Amino acid sequence: MPLPGMGLAAALVTALTLTLTGCSMETTAPGSARGEAASDAKGEFGPVDCRKAKCIALTFDAGPGEDTPRLLDILKEKKVHATFFLLGKHHVVKHPEVVQRIEDEGHEVANHTWTHQVLTDRKPDEIRAELEKTQVAIEKITGKKPRLMRPPQGRTDDTVSDISKDLGLSQVLWSATAKDYSTNDSALIKKRILDQASKDGVILLHDIYQGTVPAVPGIIDALQMDGYTLVTVPELMAPAEPQPGTIYRP
């Protein structure tokens with residue numbers, strides 16, 4: 001089913017065009033941030049140095065859900081860490097033990113708002129509430145506030161950026177999407193991701209849809225056979241560190 005606040009037609013359009021509203025909006029690729037890092041940058045590396053290796057970040061939106069524990073089993077078996085952009089009201093609050101497990105198993109816990117409102121359609125105080133409520137809920141469980149957020153539908157503007165900066169949040173967009181909200185065909189989900197995979201890319205999947213988690217083992221295996229190392233978003237840009245308010249778009 002479509003996510004709250006995201007009609008399927010709107011989602012399909014958004015998957016094709018990531019909308020940055022506002023003439024002053026600029027984005028920075030994770031690889032560019034990495035290349036421009038100062039000599040004393042303190043970003044933590046993952047299993048490899050992505051300045052030298054062929055890396056791609058695996059990310060999941062809108063969970064945790066019923067299938068997330070199985071996904072975590074798969075990632076543990078494959079020895080892969082991912083970034084989870086979590087929804088607050090009906091997901092983080094409902095599955096606190098899964099949120100804690102995501103943290104405990106070395107994945108990056110990130111913010112995908114409280115109720116999946118399109119932030120560019122909201123007033124500043126509403127934008128802040130969407131992000132801050134999820135920050136608080138996750139910190140209550142893990143003891144840590146997220147440092148990354150993904151705006152629903154990839155829609156952001158100067159106001160969203162300013163509020164994100166104030167809350168210590170970097171914004172992360174993507175380069176590969178399976179549009180898994182529109183199909184339960186795991187083979188098609190796998191094909192779409194592999195067709196779009198690229199060095200220093202960011203994969204967007206949703207662990208709340210029926211066909212997605214079954215597609216993950218094949219996606220990981222195929223990417224690794226092609227020479228990729230799968231990493232979290234901060235590992236992708238290390239030794240640079242995510243900068244609050246900055247929009248990272250591969």
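Biologist: Where does proline 239 lie?

Modeller: Proline 239 is in the loop between H10 and strand E9 (247-248). Helices (H or I, at least four residues) and strands (E, at least two) are DSSP runs, numbered from the N terminus. This is a predicted model, in which local features need pLDDT of at least 70 and side-chain atom pairs count only at pLDDT 80 or more, while totals for chains, interfaces and linings use all residues. Residues are numbered from 1 along each chain as its sequence is written, and side-chain values use heavy atoms, with hydrogens and water left out.

Biologist: What is the phi of alanine 62?

Modeller: Near 80°, a positive value in a residue other than glycine. Alanine 62 belongs to strand E1.

Biologist: Why is alanine 62 called buried?

Modeller: Buried means under 20% relative accessible area, exposed over 50%, and partly exposed in between (1.4 Å probe, protein chains only). Alanine 62 has 0% relative accessibility, so it counts as buried. Aspartate 200, at 16%, therefore counts as buried too. Its phi is also positive, near 65°, and it lies in the loop between helix H8 (186-196) and strand E7 (201-206).

Biologist: How do you know that threonine 134 is buried, and what does it touch?

Modeller: Threonine 134 has 0% relative accessibility, so it is buried. This residue lies in helix H6. Contact means heavy atoms within 4.5 Å. Not counting residues up to four places away in sequence, threonine 134 touches Leu86, Gly88, Asn111, Thr113 and Trp114. A polar atom of its side chain lies 3.0 Å from the backbone oxygen of threonine 113.

Biologist: Why are the buried residues of H7 said to line one face?

Modeller: In helix H7 (residues 158-166), the buried residues are Val160, Ser161, Ile163 and Ser164. Down the axis of H7, they fall within an arc of 170°, so they line one face of the helix. The arc is that of the directions from the helix axis to the C-beta atoms. Asp162, Lys165 and Asp166 are exposed on the other side of H7. The buried residues pack against H6, strand E4 (148-149), strand E5 (170-172) and E9.

Biologist: Which residues of H5 are buried, and what puts them on the same side?

Modeller: Val98, Val99, Ile102 and Glu103 are the buried residues of helix H5 (residues 96-104). They cover an arc of only 145° around the axis, which puts them on the same side of H5. Their cover includes helix H3 (68-78), strand E2 (83-86), helix H4 (88-92), E3 and H6.

Biologist: Which residues are closest to the centre of the largest pocket?

Modeller: Of the 21 lining residues, Glu44, Glu108, Lys144, Arg147 and Pro234 are the closest to its centre. On a 1 Å grid over the protein atoms alone, a pocket is an open set of points where a 1.4 Å probe fits, with protein on both sides within 12 Å along at least five of seven lines; lining residues have an atom within 4 Å of a point.

Definitions and conventions. Polar contact = N/O pair within 3.5 Å; in protein donor to acceptor, adjacent residues only side chain to side chain.
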